[in-house]
Amino acid sequence: MGADKEKRVAAARAVGLIEAGMTIGLGTGSTAAHAIRLIGARVREGMALRGVPTSEQSAALARAEGIPLVDLNEVERVHLAIDGADEVDGGKRCIKGGGGALLREKIVACAADRLVVIVDSGKTVECLGAFPLPVEAIPFAREQVRRRIEALGASAALRTDSAGPFITDEGNHILDCRFGRIDDVSGLAAQLSAIPGIVEHGLFIGMADDVIVGRGGTACFME
């Protein structure tokens, strides 16, 4: 209950940044869902805005909340993106992808003028790596990718659900990779990006303009 309250107050602080007429990137996951619901309330109060969802799950929630949606290909500008994270360090570097939407999340984050990451206090860490790093790979290359990742010193487990391998919105698989403490975040990101068959990885470096952390009943911007 405490973490959920922190998620909600962080989401409320971020939603307070929205101005009428904006196009908003709508993140994925439990914290972003709080933001989507609060944005829906703004829309019902009469605020004009549009949303670009980062997953089919977020799109469904946004529709239920009455938020007008637009395809990313149809907009020239995303003014603000609000999304959660699985881990964030003091340099505002994040691990994302626990919800399986890291590819679309990263695309929308790159398109946005401003990315605001919202987290509960339990998601802040001194060093990234306790949370398994999601890596999205095309099914054809999955085992080749897994072996290449394990050669870097990690264990890589295929994410599954009740139907078998978890399938992303883009039809790919996810490998959850345990590297342990990641001291060279940029170096690892470069190594992963160089492996053929990896579509995207969950290291978000130099992308978060702001991080809002919920602590108890308040939320503050990370310095």
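Predicted model: local features only at pLDDT ≥ 70, side-chain atom pairs only at ≥ 80, totals over all residues.
User: How do you know that the length of helix H2 agrees with its number of residues?

Analyst: Helix H2 covers residues 30-44, which is 15 residues.

User: Which residues of H2 are buried?

Analyst: The buried residues of H2 are Thr 31, Ala 32, Ala 33, His 34, Ala 35, Ile 36, Leu 38, Ile 39, Gly 40 and Val 43. Their packing partners are helix H1 (2-15), strand E1 (23-26), helix H3 (56-64), strand E3 (80-83) and strand E6 (115-120).

User: Where is a positive phi found just after H2?

Analyst: Gly 46 has a phi of about 115 degrees.

User: Why is Asp 89 called buried, while Arg 93 is called partly exposed?

Analyst: Buried means under 20% relative accessible area. Asp 89 has 3% relative accessibility, so Asp 89 counts as buried. Arg 93 has 27%, which lies between the 20% and 50% cut-offs, so Arg 93 counts as partly exposed.

User: What makes the contact of Asp 89 with Arg 93 a salt bridge?

Analyst: The cut-off is a side-chain nitrogen of Lys or Arg within 4 Å of a carboxyl oxygen of Asp or Glu. The N to O distance between the side chains of Asp 89 and Arg 93 is 2.9 Å, so the pair meets the rule. By this rule the model has 16 salt bridges.

User: Why are Asp 183 and Arg 181 called exposed?

Analyst: Exposed means over 50% relative accessible area. Asp 183 has 57%, so Asp 183 counts as exposed. Arg 181 has 55%, so Arg 181 is exposed as well. These two residues form a salt bridge, with the closest N and O atoms 2.6 Å apart.

User: What joins Glu 56, Arg 104, Asp 169 and Glu 170 into one network?

Analyst: Salt bridges that share partners join these four residues.

User: What makes Lys 106 and Glu 200 a salt bridge?

Analyst: Their closest N and O atoms are 3.1 Å apart, which is within 4 Å, so the pair counts.

User: How do you know that the pair links distant parts of the chain?

Analyst: Lys 106 is in helix H4 and Glu 200 is in strand E12 (residues 198-201), 94 residues apart. Both Lys 106 and Glu 200 are buried.

User: What is the volume of the largest pocket, and which residues lie nearest its centre?

Analyst: The largest pocket has a volume of about 310 Å³. Its lining has 17 residues, with Val 52, Pro 53, Asp 71, Leu 72 and Arg 104 nearest the centre. At least two lining residues come from each of strand E2 (50-53), H3 and helix H4 (102-111). H4 supplies the largest share, four residues.

User: How do the lining residues of the largest pocket divide by type?

Analyst: The lining of the largest pocket has nine nonpolar, three polar and five charged residues.

User: What is the second largest pocket like in volume and lining?

Analyst: The second largest pocket holds about 150 Å³ of space. Of the 15 residues in its lining, Thr 28, Gly 29, Gly 84, Ala 85 and Asp 86 are the closest to its centre. H2 gives the most to this lining, with three residues. The lining of the second largest pocket divides into two nonpolar, eight polar and five charged residues.

Key:
Residues numbered from 1 in each chain as written. Heavy atoms only, no water. Expected span 1.5 Å × (residues − 1). Buried < 20%, exposed > 50% of the residue type's maximum accessible area, 1.4 Å probe, protein only. Contact = heavy atoms within 4.5 Å. 1 Å grid on protein atoms, 1.4 Å probe; cavity = no way out; pocket = protein on both sides within 12 Å on 5 of 7 lines; lining within 4 Å. Points joined across faces, edges and corners; volume = space filled by probe spheres on them. Nonpolar A, V, L, I, M, F, W, Y, C, P; charged D, E, K, R; others polar.
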